[in-house]
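Good morning, and thank you for coming. Please take a moment to look at the sequence and the structure before I go through the aromatic rings and the pockets.

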Amino acid sequence: MKATQRTVRLDLTEPLRISRSTMSARDAVWLTIEHDGLYGHGEAVTSVYYGLDTDTLGRLLAAVDLHRFADPEGALEALRAGELAGDCPPAVTAAVEAALLDLVGKRAASPVHRLLGAAAAPVAATARTIGICAPLHAAAEARRLAAAGFEVIKVKAGTPDPEDDIERVRVIRDAAPRARLLLDPNGAWTPAQADALLPRLADLGVEAVEQPLAPGDPDTLGALAERSPLPVIADEDAVSLDDARRLAGRVHGVNVKLAKCGGVHAALRIAEAIEGSGTALMLGCLTASTLGLAPAVHLADRARWADLDGHLLLAHDPWTGIGGADGFVRASDLPGLGVEEAAA
């Protein structure tokens, strides 16, 4: 097997502001694995939060020793057993796994979801994010999304004045009265602020809140979830399988991102660990292309909440194959991940 890399710039349609940062672009490193004339592709994106730049991603991806395997099936089995990517960051493991799954699926003439045991191609209503912005802009975005078919809108929160967050939710609710609303402060609130704000947000029809408190204190997050009038979903506090096990039954949901946990099979292990605990699965993503989103879309039917809109935030998505512009992401029945490079 031969592996190659390519780095590309992913520009956003408009800057995305969250409580801790504003992003207008990020880089993606594409990994391509070739074997017997077939190609499998995976993507890892840079992340300041996780300390991953293009040089680091490229170096770590290049260090994954695929040459010692006779075929991608053997490499994928070794990856699942923890014998291939070693101590690599989860984002690197996820990208290697995606490329191998894509290649194994193509060799078997089977889409990835079928390799994972699902007979039908998953389809899910995805949340679409509205960042921290002025109320007029938020209302206009909500009207546009509702008209396009989006049933779920995720509202970023965590401004210095919490009344700004309340007003943003209020105008979005008025502009899209039938939409399901999720709220995400990215850990910006204190417990006292959360106690004061959550009942007001419940009155505005918010369905659930992600990571209201700063990560690092799951006991406090669990205590908040117990008294909250809204379901509380852990995100930054739910990175690994061990995190999910600690939170199972204590929060209402965990947001699983493949780049955060280590890929498809790591996500499936988390889903199995929380099953029956009262903690539901949310599938999330980083801002990435369709290539980066596709592996999670093949799992989308297993989640209570799907937040798989990272490719929809881009000015130009360099890959196609999972849809989303109408509010629904769809896995393809094509072999592998079912994605193709878009026309330039």
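In this predicted model, Arg20 lies over the face of Tyr49, at 4.1 Å from the ring centre. Tyr49 counts as partly exposed, at 40% relative accessibility.

Let me turn to the rings themselves. A pair of aromatic rings is described by the distance of the centres and the angle of the planes. How many aromatic pairs does the structure hold? There are two. In one, the rings of Trp30 and Trp319 have centres 5.4 Å apart and planes at 80°, which is over the 60 degrees required, so the pair is edge-to-face. Trp30 belongs to strand β2 (residues 22-35) and Trp319 to strand β13 (residues 319-320), so this pair ties together parts that are 289 residues apart in sequence. Both Trp30 and Trp319 are buried. The rings of Tyr49 and Tyr50 have centres 5.0 Å apart and planes at 90°, so they too form an edge-to-face pair. Tyr50 is partly exposed, with a relative accessible area of 33%.

The largest pocket holds about 630 Å³ of space. Its lining has 31 residues, and Ile18, Arg20, Met23, Arg26 and Leu286 are the closest to its centre. Strand β2 gives the most to this lining, with four residues. By class, the lining divides into 11 nonpolar, nine polar and 11 charged residues.

The second largest pocket has about 320 Å³ of space. Of its 17 lining residues, Thr93, Cys261, Gly262, Ala266 and Arg269 lie nearest the centre. Here α11 gives the most, with four residues.

Notes: Residues are numbered from 1 along each chain as its sequence is written. This is a predicted model: local features need pLDDT of at least 70, side-chain atom pairs count only at pLDDT 80 or more; totals for chains, interfaces and linings use all residues. Side-chain values use heavy atoms; hydrogens and water are left out. Rings of Phe, Tyr and Trp (its six-membered ring) pair if their centres lie within 6.5 Å; planes under 30 degrees apart count as stacked, over 60 as edge-to-face and the rest as tilted. Helices (H or I, at least four residues) and strands (E, at least two) are DSSP runs, numbered from the N terminus. Buried means under 20% relative accessible area, exposed over 50%, partly exposed in between (1.4 Å probe, protein chains only). A charge sits over a ring if NZ of Lys or CZ of Arg is within 6 Å of the ring centre and within 35 degrees of the ring normal. On a 1 Å grid over the protein atoms alone, a cavity is a set of points where a 1.4 Å probe fits but cannot get out, and a pocket is an open set with protein on both sides within 12 Å along at least five of seven lines; lining residues have an atom within 4 Å of a point. Grid points are joined across faces, edges and corners, and a volume is the space filled by probe spheres set on the points. Ala, Val, Leu, Ile, Met, Phe, Trp, Tyr, Cys and Pro count as nonpolar, Asp, Glu, Lys and Arg as charged, and the others, Gly among them, as polar.
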